[in-house]
Amino acid sequence: MNHENINSGRVRKAPENFLSQDGIRTVMEEAKRGRRDFIRTAFAAAAAGAAVPAALAQGNPVPTEGGDPNILNLPEHSTGLGQGVNPEGSYGMPSKYEAHVKRRISPGLTQTTQASVSFAPLQSLFGIVTPSGLHFERHHQGWWDIDPSKHRLMINGMVKRPMVLTMDEIMRLPSVSRFHFIECGANTAAEWGNVAVPTVQYTHGMLSCSEFTGVPLITLLEMAGADLKNGKFVLAEGADGSSMTRTIPMSLILSGEVLVAYGQNGEMLRPENGYPLRLVVPGVQGVSWVKYLRRIELGDKPYATKDEAVHYIDLMPDGLHRQYSNLQEAKSVITTPSGGQVLLDKGFYNITGLAWSGFGKIKRVDVSVDGGRNWRTARLEGPVHSKALTRFNIDWVWDGKPAILQSRAMDETGFVQPTYKQLRAVRGTRSIYHNNAIQSWLVQENGEVKNVQLS
Ligand SMILES: Nc1nc2c(c(=O)[nH]1)N[C@H]1C(S)=C(S)[C@@H](COP(=O)(O)O)O[C@H]1N2
Ligand SMILES: [Mo]
């Protein structure tokens, strides 16, 4: 079998490069070439199969008396000695055959690699957890691997006992572990006016989900003797050169959901994701999840920092800006089949994707294969966590005719993900942040899947 098809079992992987109209053409040419290769390989395998004894073809080794065991054509891994464990100790890495599954930058999107983004390969992931090495990255001034023994967290402002804590002191405290998604407010930003990028990695890849471990921020504030009556907002500050500072309302912190986290998927945070300490603000856009967290200040009004007065504001159709759009509204996307993939033949497919809401749990996801005329309810894979990615699956038999695949999420508050028409009526077409419109993928007769928008 052509390895390209193993991961999903059904379709080719999204091609590597993309962006710009030229990029899209390249993608499609690549895709066509890949498909021809697949068909050729399949024919070759079938022809070779004819020469194999019937028992072998069925997977049963044929006993030979005193003969050469190689006559069975057993692969080396079935006859030889495999590799040993590493006496030096080891940290396991993915198979070399999975090397194409990686975070990718969007060529031309940023001028430097330090103030940049790398997108998670959503089309290659299963379930809801993003492997830590594939978690998307968004840095404003580069990432650091900070020595945890030197890192400090200061708590000041409207508190009776300002504190400076070491990592050891933080890690001694009672901890919690919770699954949450993080989505950059600028996810899907390129698509406000028209289709701009070809694959789900680039349309939705500033999105990840991990099990985070840490101490509820409220615990630290209480230790410091916080004035919970008059303290209404917290300022969170990062230790990197970007001076990332964000205002977090106390209403979110009082619920116990906001964490000062050091753990991600069972181990310490990755340097790219804020090692050794980051703020986890469930449901809120990524920018508020301050990495390399060094200071928490309690105050009585929003701080209007540069990252919330100049950046991360929404341009509305009337020319005014909306500030402090905190919670991410319900959103979903089909990850397979998705842009850049190629269906090999008509017949059965499992349509799969992800849904999430900053307001709580996902309650339902509907899927359409005819551009939104008819909808069927997808299966949600449990357990469904609040403010976490939720995996959905639904059966589909493709008849070989053009089809437009869409998913529409609904959360436990009853909020329904909008169409582009509905979203643009409220937000216009010139925004950057908070695009949660329904995504459409066109499956063409030749099996190629394309990013499209319906008017
Ligand atoms: N200190 C610091 N924190 C930061 C940033 C940063 O550049 N520096 N980027 C923010 C933005 S805009 C996002 S979307 C998330 C991205 O987190 P990740 O890189 O772990 O995916 O971190 C936020 N926290
Ligand atoms: Mo972001």
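Reply: A residue is called buried if its relative accessible area is under 20%, exposed if it is over 50%, and partly exposed in between, with a 1.4 Å probe and the protein chains only. The model is predicted, so local features need a pLDDT of at least 70 and side-chain atom pairs count only at pLDDT 80 or more, whereas totals for chains, interfaces and linings use all residues. Residues are numbered from 1 along each chain as its sequence is written, chains are lettered from A and ligands numbered from 1 in the order in which they are written, and side-chain values use heavy atoms, without hydrogens and water.

The ligand site comes first. Ligand 1 is surrounded by 21 residues, and the closest of them are Phe-136, Asp-240, Asn-273, Arg-278 and Lys-291; a residue is near a molecule if one of its heavy atoms lies within 4 Å of it. Strand S2, which covers residues 137-139, gives the largest share of this shell, namely three residues. Helices (H or I, at least four residues) and strands (E, at least two) are DSSP runs, numbered from the N terminus.

At Lys-291, a polar side-chain atom is 2.6 Å from an oxygen atom of ligand 1. At His-140, the contact comes from the backbone: a polar backbone atom of His-140 is 2.8 Å from an oxygen atom of ligand 1.

Leu-269 counts as buried because its relative accessibility is 2%. The C-alpha atom of Leu-269 is 8.2 Å from the C-alpha atom of Ser-132, although 137 residues separate the two along the chain. The loop between S10 and S11 also contains Pro-276. Pro-276 is joined to Tyr-275 by a cis peptide bond, with omega at about 5°.

The loop between S11 and strand S12 (293-299) contains Tyr-292. Tyr-292 has a phi of about 50°, a positive value although the residue is not a glycine. Tyr-292 is buried because its relative accessible area is 1%. Another residue with a positive phi is Ser-243, where the value is near 45° and the residue is again not a glycine. Ser-243 is in the loop between strand S7 (233-238) and strand S8 (245-249). With a relative accessible area of 37%, Ser-243 is partly exposed.

Lys-331 is placed in strand S15, which spans residues 331-336. Lys-331 is buried because its relative accessible area is 1%. The Lys-331 side chain has a polar contact of 2.8 Å with the side chain of Thr-188. In the loop between S15 and strand S16 (347-356) lies Pro-337. A cis peptide bond links Thr-336 to Pro-337, and its omega is about -5°.

Two helices complete the account of the elements. Helix H9, residues 420-427, includes Arg-427. Arg-427 counts as buried because its relative accessibility is 4%. The side chain of Arg-427 reaches the backbone oxygen of Tyr-433, and the distance is 2.7 Å. Helix H4, residues 167-171, includes Met-171. Met-171 counts as partly exposed because its relative accessibility is 37%. The C-alpha atoms of Met-171 and Gly-214 are 7.8 Å apart, while 43 residues separate the pair along the chain.

Cys-184 counts as buried because its relative accessibility is 4%. Cys-209 likewise counts as buried, with a relative accessibility of 0%.

Note on methods
A polar contact is a pair of N or O atoms within 3.5 Å; within protein, one must be able to donate a hydrogen and the other to accept it, and residues adjacent in sequence count only if both atoms are side-chain atoms.
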